[in-house]
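Subject: Structure handover

Hello,

Here is the structure I promised to pass on. Please open it next to this email and follow along.

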Amino acid sequence: MKRRRPLTGKAAGAGIGGIVALGAVVVLTVTMLPAELPRFDGIEDLPLPGGADLGSHPYTVTAELADVLSLVPQSAVKVNDVAVGRVTEIRLGTGDWTAHVTMKINGDIRLPADAGARLQQSSLLGEKFIELTAPAKDAGGARLTNGSTIPLARTSRNTEVEEVFGALSLLLNGGGINQLKTITKELNSALGGREPEVRSMLERVNTLVSDLDAHRDDITQALDAVNRLSATLAERKEDVGKVLTGLSPGLKALENQRGSLLTMLRALDTLSGVAVSTINAGKDDMVADLKALAPTLKALADAGADLPDSLQALLTYPFTDEVMRGIKGDYLNTYLYIAAEPGTRVIPPLVPQATPGPTPTHPTDPGATARGGASGSGPVNRTSPLPLPPVQNFTPPGSSSSPGARSTANGAQDGGKTR
């Protein structure tokens, strides 16, 4: 067995230098590579042999298709059966469930802005491709540019072989064709003689569908509101449970008093019957009373504002507001007439007699003789009765003349004062 000789210092230095050189080459290679490395997702990323020449400046166009069936990336894009591009990507649209097909087209091919796209098949069992078609009338100079989109309204597809074979199988194997006679016969039996009713039903259905279509926004808003209500109830599930639990004793109490409630309802039913019969019996009298009240109510209505005005004057009698408006100045002369009833006897006031005393009457008193006679002949009356006012034959305005005592009093105007 041969023993390995240890490495010398020269050999070790040469090995380290080779490793450093290899690392420098790798770093330079990575640095020179572009920032975005090429992506390879599979064999579908490889161009098909004999594909279209995209040229040096191709542009990208996206088409929206309802169904792409067996279309795959690298499929051809043709204009008038001439390949001008290829499909680069197929993805599902966001929220609209349509296929968005991205295509690269040769930059020398100019297409109108309103061009359409159609999914076709090269032969009965051939490959799928996208056919770009120009409209019957040109858009007037506008062209498809890089990033343009062909909407769903301008795209379509051809009939699939599977659909043709399915229809042919239905036709050749009988399918439901032998039942068409039975279906037609039953329809004739159901609709025979009922054409007006069927026509009326179809018209009502048409009206219903039209109304539903007219209120489509309202129905959508109602469904959204129901959705929000359901979400709110779901968030407050515990509160709703507590409410239902709290209602349980009340419902039990109502169930226990069910007999009493039924008795009360029956009594109310009987009362309503009695009330109705009573009202029917007294209907004529009530109508007569209302008719009798009609003139009174009409008179009150005709009085209008006079009635509250008269009530206001009644509370301020005899000096109403209307009387005060007729006074000029800041004072009022008042004449008061007091007349006794016929046959009334006027009695003068009683004057009590003075108590006799030892003091004699002064001889110079001029009224001594008139009051008590000669001096010393009897008791002296020091108080004389008040004289009665003279009775005048005066009849106040608006009153009948009658005998009796009358007195007058008046207030005189003097410099703005009343005396």
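Is Lys-298 buried or exposed? Lys-298 is exposed, with a relative accessible area of 53%. The terms run like this: buried is under 20% relative accessible area, exposed is over 50%, and partly exposed is in between (1.4 Å probe, protein chains only).

A word on the source. This is a predicted model, where local features need pLDDT of at least 70, side-chain atom pairs count only at pLDDT 80 or more, and totals for chains, interfaces and linings use all residues. Residues are numbered from 1 along each chain as its sequence is written, and side-chain values use heavy atoms, with hydrogens and water left out.

The whole chain

The chain has 11 helices and 12 strands. Both are DSSP runs, numbered from the N terminus: helices are H or I with at least four residues, strands are E with at least two. Of the 419 residues in the chain, 14% are buried. The accessible surface comes to about 33500 Å², by the Shrake-Rupley method with a 1.4 Å probe; for residues, only the protein chains shown count as cover. Carbon and sulfur atoms hold 61% of that surface. Now the contacts (heavy atoms within 4.5 Å). Take those with a separation of 6 or more: residues 24 or more positions apart account for 63% of them.

Salt bridges

A search of the whole structure finds 4 salt bridges. Each is a side-chain nitrogen of Lys or Arg within 4 Å of a carboxyl oxygen of Asp or Glu.

Lys-298 is in one of them. Its partner is Asp-302, and the closest N and O atoms are 3.2 Å apart. Both residues sit in helix α8 (residues 283-303), 4 residues apart, so about one helical turn separates them. Asp-302 is exposed too, at 56% relative accessibility.

Another pairs Glu-163 with Arg-157, with 3.1 Å between the closest N and O atoms. Glu-163 is partly exposed at 39%. Arg-157 is also partly exposed, at 31%.

Asp-213 and Arg-216 also meet through their side chains, at 3.6 Å from N to O. Asp-213 is partly exposed, at 46%.

Helix α6

Go to α6, residues 237-256. Does it lie in the open or is it buried? The number of buried residues among its 20 is 0, so α6 lies largely in the open. Its length checks out. The expected span is 1.5 Å times one less than the number of residues.

Two buried side chains

Thr-155 is in strand β8 (residues 155-157). Thr-155 is buried, at 13% relative accessibility. What does its side chain reach? A polar atom of the Thr-155 side chain lies 2.6 Å from the backbone oxygen of Glu-64. The backbone oxygen of Leu-152 is reached at 3.0 Å. These are polar contacts: pairs of N or O atoms within 3.5 Å; within protein, one must be able to donate a hydrogen and the other to accept it, and residues adjacent in sequence count only if both atoms are side-chain atoms. Leaving out residues up to four places away in sequence, Thr-155 touches Ala-63, Glu-64, Leu-65, Ala-117 and Ile-150.

Ser-75 is in the loop between β1 (59-65) and β2 (76-79). At 5% relative accessibility, Ser-75 is buried. A polar atom of its side chain lies 2.6 Å from the backbone oxygen of Val-72. With residues up to four places away left out, Ser-75 touches Gly-85, Arg-86, Val-87 and Lys-128.

The loop between β2 and β3

Most residues other than glycine have a negative phi. Asn-80 has a positive one, near 55 degrees. Asn-80 lies in the loop between β2 and β3 (82-92) and is exposed at 65%. Asp-81 lies in the loop between β2 and β3. Its phi is positive as well, near 65 degrees. Asp-81 is exposed, at 61% relative accessibility.

Over to you.
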